[in-house]
Amino acid sequence: MEFFAVKKIKHLKYKQMKKITNICCIGAGYVGGPTMAVIAEKCPHIKVTVVDMNEKRIADWNDANLDKLPIYEPGLKEVVEVARNRNLFFSTDVDDAIRNAEIIFISVNTPTKTYGVGKGMAADLKFVELCARQIAKVAENDKIIVEKSTIPVRTASAIHTILKATGKDVDFQVLSNPEFLAEGTAVSDLHNPDRILIGGSQDEKGLEAIECLVGVYNNWVPRDRIITTNVWSSELSKLTANAFLAQRVSSINAISALCEKTGANVEEVANAIGRDSRIGAKFLKSSVGFGGSCFQKDILNLVYLCNYFNLPDVAEYWMQVVKMNDYQKHRFAKNIINTLFNTVSGKKITFLGWAFKKDTNDTRETAAMYVADELLQDKAEIHVYDPKVSEEQIYADLEYLQTHRVGHFVEQGDVMELSEIKKLVKVHKNPYDATKNAHAIAILTEWNEFKAYDWENIYKNMLKPAFLFDGRNITDKNNLNEIGFEIYHIGKA
Ligand SMILES: NC(=O)c1ccc[n+]([C@@H]2O[C@H](COP(=O)([O-])OP(=O)(O)OC[C@H]3O[C@@H](n4cnc5c(N)ncnc54)[C@H](O)[C@@H]3O)[C@@H](O)[C@H]2O)c1
């Protein structure tokens, strides 16, 4: 089977591939927006339309003021400025975009299910399914459908089944093209990807569709960095990549707890093991725990699939990565409470950072909200400053979490009303106001600006003893100790 596939690919090299001139993407989020902006920038001969049912989001993408784009990513506004209204368009007219496109990317959200079968584990594919049904209804000629969203293995066949059921004389090819960009570095990742992965059916039409998409990326990505596979390998590779990345974070975080007990320093350990070329230096930074919309949901999805296919030992192996992450967030919150003489009730704790990492305004699954939630259970007063996250978002995150807690360390907590949350949580526009008269500061995001603060001034205006819990190890421990802070770093005694 594979042997024939290879022969066909060679044959296709000599065949004239269809030149793509019109692409649409359903979903103008953290993936759809930046990815399509870069495709439009690099392929001026292709009209790229990004559509979304969220009118506000589309209006923000079209805002003349580029500082109001709905997504903050370094370098993104410059790309949008070049391509917008040249060959890059943002619209809410989904039907029109589907009708005119030769390639349709599906880049909608695939969160963990919060109801019914697979609740708390499986990926919720209702948005992907809706897209497939809409394409089936509207399409009048052949289309290549590209799964950009991260989805469970074999979703392509579900999409194909829906599309096939239209009874129209139209050919739909479903490709898997998972996105590997990291938020915070999305634009440079898209400009210079380690690899592009495209999976498709291994028959003649499937291989032709693969080559069409290869042709799009090949406008700026060298051909040897574009990997083509069967559709299932491509789908599973995305879940596997995220599971491996998250596993590295959980592994070094597990060691950080041991470092604190033994007097070892987790940064020295990470440096020493990272110099081994078999291990490598990246993703060995110990922290309060990973967040973001992808790692946890994709591992839970993998675990669900393993159980579905009756592989409970494999499921348990990967589940431990998520449990270790819960443990790390809990350990950080508990350490704050223990250090502040076993209660934070009525105490002012300032959070520097709320986003799940620096250089993004994304707060999905941010460690900050889990730590805040645990401290709120003990009635702490939390004051937050984040350079890019809005007050509404912080309240929305905490409110959502009350009924969507995951992980056995937080599940037992009381459900708080929004009014009670608003009484205890204040959001500031300035770090110096946020830290004034605080009992303690907790650093939750590694924003560069935090390193450059006037820490002497901050210390002066805090209550004493002035505690600082650095959940990202970005501050200079010796310096801050000299100023007078009682400072805690992850993984250092
Ligand atoms: N965020 C990341 O770093 C990242 C990286 C790689 C892959 N992914 C995957 O990419 C996918 C999208 O993630 P995201 O972070 O961009 O999500 P997002 O929530 O930021 O964006 C999804 C958008 O899709 C829109 N949408 C949903 N259903 C729709 C429909 N039927 N019609 C029109 N619009 C619809 C929503 O309104 C939303 O704006 C997910 O599967 C995710 O796992 C995300």
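Around the ligand there are 26 residues, and those that come nearest are Gly27, Gly29, Tyr30, Ser149 and Thr150. Please bear in mind throughout that this is a predicted model. By class, the shell around the ligand consists of 12 nonpolar, 10 polar and four charged residues. Which helix gives the most to this shell? That is helix H6, residues 126–138, which supplies three residues.

Let me stay with H6 and turn to its packing. The axes of H6 and helix H7, residues 155–164, come within 9 Å and cross at roughly 30°. This crossing is right-handed. From H6, the residues in the contact are Val128, Glu129, Ala132, Arg133, Ile135 and Ala136, and they meet Thr155, Ile159, Ile162 and Leu163 of H7. By class, the contact of H6 with H7 has seven nonpolar residues, one polar and two charged.

In the loop between strand E5, residues 143–147, and H7 we find Arg154. Although Arg154 is not a glycine, its phi is positive, at about 85°. Is Arg154 buried or exposed? Arg154 counts as exposed, because 12 other C-beta atoms lie within 10 Å of its own, and the cut-off for exposed is 12 or fewer.

I now come to the core. The largest nonpolar core has 137 residues, and Ile104 and Val371 are those with the most contacts inside it. Helix H14, residues 367–377, gives the most to this core, with eight residues. Leaving aside residues up to four places away in sequence, Ile104 touches Cys24, Ile26, Ile98, Ile135, Lys143, Ile145 and Val146. Ile135 also belongs to the contact of H6 with H7.

Helix H10, residues 231–262, packs against helix H12, residues 295–308, at an angle of about 115°, and their axes are 9 Å apart. H10 passes H12 in a left-handed crossing. Here Leu239, Asn242, Ala243, Leu245 and Ala246 of H10 meet Phe295, Asp298, Ile299, Asn301 and Leu302 of H12. This contact of H10 with H12 has seven nonpolar, two polar and one charged residues.

Two individual residues follow. Val80 has its place in helix H4, residues 76–83. Val80 counts as buried because it has 24 C-beta neighbours inside 10 Å. Beyond residues up to four places away in sequence, Val80 touches Ala37, Leu66 and Leu69. From Val80 to Trp61 the separation is 19 residues in sequence and 8.8 Å in space, C-alpha to C-alpha.

His428 is in strand E11, residues 425–428. With 17 C-beta neighbours inside 10 Å, His428 is therefore classed as partly exposed. Again setting aside residues up to four places away in sequence, His428 touches His383, Val384, Tyr385, Asp433 and Ala434.

Finally, two points of backbone geometry. Asn437, in the loop between helix H17 (431–435) and strand E12 (440–443), has a positive phi of about 60° although it is not a glycine. Asn437 is exposed, because 11 other C-beta atoms lie within 10 Å. Where is the cis peptide bond that has an omega of about 0°? It joins Lys464 and Pro465, and Pro465 is in the loop between helix H18 (455–460) and strand E13 (467–470).

Methods: Residues are numbered from 1 along each chain as its sequence is written. This is a predicted model: local features need pLDDT of at least 70, side-chain atom pairs count only at pLDDT 80 or more; totals for chains, interfaces and linings use all residues. A nonpolar core is a set of buried Ala, Val, Leu, Ile, Met, Phe, Trp, Tyr and Cys residues joined through C-beta atoms within 7 Å. A residue is buried if 20 or more other C-beta atoms lie within 10 Å of its own, exposed if 12 or fewer, and partly exposed in between; C-beta atoms are placed from the backbone. Helices (H or I, at least four residues) and strands (E, at least two) are DSSP runs, numbered from the N terminus. Two residues are in contact if their C-beta atoms, placed from the backbone, lie within 7 Å. A residue is near a molecule or strand if its C-beta atom, placed from the backbone, lies within 6 Å of it. Ala, Val, Leu, Ile, Met, Phe, Trp, Tyr, Cys and Pro count as nonpolar, Asp, Glu, Lys and Arg as charged, and the others, Gly among them, as polar. Axes are lines fitted to C-alpha atoms, for helices over the stretch in contact, and angles run from 0 to 180 degrees between N-to-C directions. A crossing is left-handed if the near helix is turned anticlockwise from the far one by less than a right angle, and right-handed if clockwise.
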